[in-house]
Amino acid sequence: MSKKIFTAVLCVCLAAFQLTGCGNDITNTGDISKAEQTTTTADSSIPEDSSSQSDSSAAEVSIKEYAVSVSVGEEYTAQKLCELAVGNADSTYTFDDGTNSKKFDKAESSVINVTSEDRDGNKSHIVIKVIAADHTAPVFEGVKDIVVDFGAPVDLKSGVTAKDDLDGEVSFTVAYDENDLDTGAVGKHNLTYTAKDSAGNIATASATIEVKAVTTKQTTQQTTKQTTKQTTKQTTATKATQAPVTQSVTQGTTKAAAGSSSNVKFYQDRLYVAGDSIAYGFCAYGYIPVEHNIAQGSLAMRNYTSYGWFNVNGKQMRCMDAVVARQPKLLYVSMGMNDINITDAQTYANNYVGFLKQVRAKVPNCIIVAANITPTEARRTDFSVTKIRNCNLLMQNAVKAMNDPNIILFDAYSVVSAGGTYMASGYGAGDGLHLAGHVYQKLLNSLAIVLDQYGVKQRLS
């Protein structure tokens, strides 16, 4: 009986030992599975021993990536940057490098590391790809409303600048509320200034220009005063034949010479002409020989070094080279109609002076006639007489500043307009731009009077 009892107890003990061994294997397997989960999610049921504590800390920090575009030159705190990137204002953000703010000075990409903490104290790591771009448009300075008298020249860009925070000063355009702004038309016009930086940001500014009518009394007084001043200066110039031209300016042009000269043929025989298709009319209508022509259609002050060919003694050469090869003693320069719709007035004036300086350096004994741009008929809305006048005004001022006694200004504009605003009636060749043949005789007659005033015949003789 006792033997049976001992055997039963022994069996129970062996069974219990085996069951305990199997239970340990299962429990170990469960622990490994739970440890893998804690790399991304915290489990509060795990005791805070050394191994469990390590897993729990790793579980509290997850990594998320975002991208955001910011403005160059603007300063950003971690909070502001992350709210732009994440869109969550409930969390607190700090830069991992300990800085309080960051400013992106260049248009480039960078990576910023940030720590986020929510209201419950849960932290996460954020990686933000920051793309810094120029979002700031240029700023205009000097834009203001303009008031100008009827027919007076006006530079709409004078005193106006457009500055960009990265590009510095940038170019700009001015648009009118009409196809052609002409200060010969009384009234108020809207102006829109537009500038664009290298990043494509566009800025605009608005102003008005008001053209006021001039009363008959004022016009008469002004004309009388101007005529008296002109007569005095012409008398002075006759006494000092080598003094530079100092003719007064009226509405962007000098006053046309009056009277007549007996030396028209003398000057005509010695005259060389350099310029565009309008200047070519001297040759086309037979007023100067082909050998004296250095003028060609589409030639301009902006392109005379690279456009057009002239045959001189069997050799093809550009405009300035042809001038040098022919060594004229009297050169009439007239280029500009092909510039006014492409080049601004100041650039045109600078190019004109550059042309004159080259002639002076390469043909030192040449007397140069600097003629201004002639007007068009009123029907040619693609050409603005206001722009022509502005180009003429700045060119005249620039030539006067050269103070060269061998450079004489000639007011072809006033001859062709017959003292008016547009080309005089009957002076056109049919297209509203080019001149009829008889107008070149008028130009020669007027030119001879001016040349007489500076003793050019004696100097050429």
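Is Tyr285 buried, exposed or partly exposed? The structure is a predicted model, in which local features require pLDDT of at least 70 and side-chain atom pairs count only at pLDDT 80 or more, while totals for chains, interfaces and linings use all residues. Residues are numbered from 1 along each chain as its sequence is written, and side-chain values use heavy atoms, with hydrogens and water left out.

Tyr285 has a relative accessibility of 43% and therefore counts as partly exposed, where buried denotes under 20% relative accessible area, exposed over 50% and partly exposed the range in between (1.4 Å probe, protein chains only). Tyr440, at 2% relative accessibility, counts as buried. Rings of Phe, Tyr and Trp (its six-membered ring) are taken to pair if their centres lie within 6.5 Å, with planes under 30 degrees apart classed as stacked, over 60 as edge-to-face and the rest as tilted. Twelve aromatic pairs are found by this rule. In the pair of Tyr285 and Tyr440, the ring centres are 5.6 Å apart and the planes stand at 35°, so the arrangement is tilted. Tyr285 belongs to the loop between helix H6 (277-284) and strand S17 (293-295), whereas Tyr440 belongs to helix H11 (residues 437-453), so the pair ties together parts 155 residues apart in sequence. Helices (H or I, at least four residues) and strands (E, at least two) are DSSP runs numbered from the N terminus. Both tyrosines are members of one aromatic cluster, formed by Phe282, Tyr285, Tyr287, Tyr332, Phe410 and Tyr440.

Charged side chains are also placed over rings, the criterion being NZ of Lys or CZ of Arg within 6 Å of the ring centre and within 35 degrees of the ring normal. The charged end of Arg318 sits over the ring of Trp309, 3.8 Å from its centre. Lys457 is positioned over the face of Phe266, 5.4 Å from the ring centre.

Tyr332, a member of the aromatic cluster, points one way from strand S20 together with Leu330 and Ser334, while Leu331 and Val333 point the other way. Five of the five residues of S20 (residues 330-334) are buried. Strands are considered paired if DSSP finds at least two bridges between them. S20 runs parallel to strand S16 (residues 271-275), to which five bridges join it; Leu330 is the bridge partner of Leu271. Four bridges connect S20 in the parallel sense with strand S21 (residues 367-371), where Ile368 stands opposite Leu331. S20, helix H8 (residues 345-362) and S21 form a right-handed β-α-β unit, meaning that, with the strands pointing away from the viewer, the path from the first strand over the helix to the second runs clockwise.

An open sheet of four strands has the order S1-S6-S5-S3 and mixed pairing. Its edge strands, S1 (63-71) and S3 (92-95), each pair on one side only. Neighbouring strands of this sheet are turned by 35° against each other on average, direction ignored. S3 pairs with strand S5 (residues 109-117) in the antiparallel sense over four bridges, and Thr92 has Glu117 as its bridge partner.

Within strand S6 lies Lys129, which counts as partly exposed at 44% relative accessibility. The C-alpha atoms of Lys129 and Ser110 are separated by 5.9 Å, although the residues are 19 apart along the chain. Excluding residues up to four places away in sequence, Lys129 touches Tyr66, Ala67, Val68, Ser109 and Ser110, contact being defined as heavy atoms within 4.5 Å.

Key
Axes are lines fitted to C-alpha atoms, for helices over the stretch in contact, and angles run from 0 to 180 degrees between N-to-C directions.
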